[in-house]
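I kept them in the order in which I worked.

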Amino acid sequence: MKRREFLLGSGAAAGVAGLGGLSMAATGSAEELVLQPASYRLRDQLTTGMVSLSPDAPPQVLYGKQGQRMRLTVRNTLPDYTAMHWHGLRIANEMDGVPYLTQMPIGEGESFAYEFTPPDAGTYWYHPHCMTMDQMAHGLTGVMVIAEPENPGFDSEQVINLRDFRLDEEGAFLPAYTARGAARSGTFGNIQTANWLTKAVYDHAAGSLVRLRVVNTDTTRIYKLHLEGAEARIIAWDGHPVEVDLALPTADAPLWMGPGQRVDLAVRMPDGEGQSAALMAKFPGQKPRAMARLRATGQSESRTLEELHPLPANPVQRPNLDQAKLHEFVFGWTPEGGAPNDGFCGSLGYSFWSINRTPWPGDAAQGTGPLAVLKQGKSYVLRMRNESPNLHPIHLHGLAFVPLKSNLRKLPPLMTDTFLLLKDEVVEIALVADNPGDWAFHCHVIEHQKTGLAGFIRVV
Ligand code: C2O
Ligand code: CU
Ligand code: CU
């Protein structure tokens, strides 16, 4: 098969040359992201064979501003193909980075210029959507911060990128996936890191207000988190400001964050120099342990959480439920799996999962239609049923949605792009189909995504 033979999606741009004529507005930002091999001391020894954007560091935090144009040129120096996706950003479909659906994979020595204007402020992230398993497992997952036009009153920020690595005793990579894991809850890493560090400590002024942005970029793990040693408030969830009061998670009732999800906390640093606040995570069979510490320095700034301005709401349209049409989606085991057709974007070689009883046949799938066709500007309710005993963080590209109800629990109306569906759960979500294009819709446990639990929704 030739890479440029076809595009499954409608209306995709021509890639490299497609936007050649555009130049950045004076206010915009431009950056080149060079995919390359990297090494890093994840354990005691140096781990080689990593994938990052520099030879010896994690993928950097990318900063943008709400409503300001960004140009991110992805240059691929790896022998494998790639494509970059900007998770949670409601941008034009042809900039969404999904191979064969919105663009052709980017080959060795090739570049693709992504240009977009983020409509929403908040905490987002980026990762490849071609060779997804391989490149993500080896390190290529980064955080993207889109700032509000005005600082809501923080003294500083701290980004925490949570993720596992699967390494042997010598610090070499173990296989990122297993058939056993892919068919169940995924294959878990054995080294848990924050910003690639196993003992991350960051200094912030005592008594100051820190915006803590926590992102789960792991391929598999649902992180169970709480904060210790500081006053704090949850201010945003999956990028969007929280408009209801949420209880602060505790050791006994931690926050469950599926792969792809984000939470922003307003943290008031302790007053005493050297005291610290800790982001704690609970792992099976272990006591909670600190993934990252914020250490107080200097004399107390004596700030209070009440001094913060509420985050301005993002310009997401609210669905009109009286008019909303219902679409149903069943996530489950696959009855049978055809031969995967992944083109140049990697296959795990199995089919285990399905949406509406059809396993997604692979990134380069041909003749596979959308799971649903939505009319632009109309409101919809999507009913998502999990028919499996495993949890699935279900992610929709390009659109934001709000959960309405569940058969198992009360759901706060938190705007999101990724919803963690529990075992046997049926959840209804609502959205306005306000962004035209073909939008990937899949589980963010990458082994599930790559073995069938994927598809796309078309907005026309
Ligand atoms: Cu974060 Cu389709 O991905
Ligand atoms: Cu996404
Ligand atoms: Cu899943």
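Entry 1: I worked on a predicted model, in which local features need pLDDT of at least 70 and side-chain atom pairs count only at pLDDT 80 or more, while totals for chains, interfaces and linings use all residues. I numbered residues from 1 along each chain as its sequence is written, took chains as lettered from A and ligands as numbered from 1 in the order in which they are written, and used heavy atoms for side-chain values, with hydrogens and water left out.

I then noted the division of the protein chain into domain 1 (3–147), domain 2 (157–307) and domain 3 (321–459), with bounds that come from an automatic or database domain assignment. I found 29 residues of domain 1 in contact with 34 residues of domain 3, where contact means heavy atoms within 4.5 Å. For the area buried between domain 1 and domain 3 I wrote down about 2,300 Å², with 63% of it given by carbon and sulfur atoms; this is the accessible area (1.4 Å probe) that the two parts lose on being put together, summed over both. I also recorded a salt bridge between the side chains of Asp-434 and Arg-90, at 3.7 Å from N to O.

**Entry 2: the copper ion.** Which residues coordinate the copper ion (ligand 2)? I found His-85 and His-395, each through NE2, at 1.8 to 1.9 Å; donors here are N, O and S atoms within 2.8 Å of the metal (3.2 Å for Na, K and Ca), and water is not among the atoms, so sites may look incomplete. The pair links distant parts of the chain, with His-85 in strand β5 (residues 84–87) and His-395 in strand β24 (residues 392–396), 310 residues apart. For these elements I used DSSP runs numbered from the N terminus, helices being H or I of at least four residues and strands E of at least two. I noted both His-85 and His-395 as buried, on a scale where buried means under 20% relative accessible area, exposed over 50% and partly exposed in between (1.4 Å probe, protein chains only).

**Entry 3: cysteines.** My search for disulfides, pairs of cysteine sulfur atoms within 2.5 Å, came to a count of 1. Cys-130 and Cys-345 form a disulfide with their sulfur atoms 2.1 Å apart, and the link is left-handed, with -95 degrees about the S-S bond. The pair links distant parts of the chain, 215 residues apart: Cys-130 is in the loop between β7 (122–128) and α1 (132–137), and Cys-345 in the loop between β20 (325–333) and β21 (353–355). I noted Cys-130 and Cys-345 as both buried, and I listed Cys-443 as buried because its relative accessibility is 0%.

**Entry 4: salt bridges in the whole structure.** How many salt bridges does a search of the whole structure find? I recorded 25, one of them between the side chains of Glu-115 and Arg-71, at 2.3 Å from N to O. Glu-115 lies in strand β6 (residues 111–116) and Arg-71 in strand β4 (residues 70–76), so this pair ties together parts that are 44 residues apart in sequence. Glu-115 counts as buried because its relative accessibility is 3%.

I next looked up Lys-450 and Asp-363, whose side chains meet in a salt bridge at 2.6 Å, N to O. Lys-450 is in the loop between α3 (446–449) and β29 (454–459) and Asp-363 in the loop between β21 and β22, so that distant parts of the chain, 87 residues apart, are linked. I put Lys-450 down as buried, at 9% relative accessible area, and Asp-363 as buried too, at 12% relative accessibility. I also noted a network of salt bridges that links Glu-148, Glu-157, Arg-211, Arg-213 and Asp-264.

**Entry 5: positive phi.** Arg-357 has a phi near 70 degrees, a positive value in a residue other than glycine, and I found this residue in the loop between β21 and β22. Arg-357 counts as partly exposed because its relative accessibility is 49%, and it forms a salt bridge with Glu-387, the closest N and O atoms being 2.8 Å apart. Ser-302, in the loop between β19 (289–297) and β20, has a positive phi of about 55 degrees although it is not a glycine.

Technical notes
A salt bridge is a side-chain nitrogen of Lys or Arg within 4 Å of a carboxyl oxygen of Asp or Glu.
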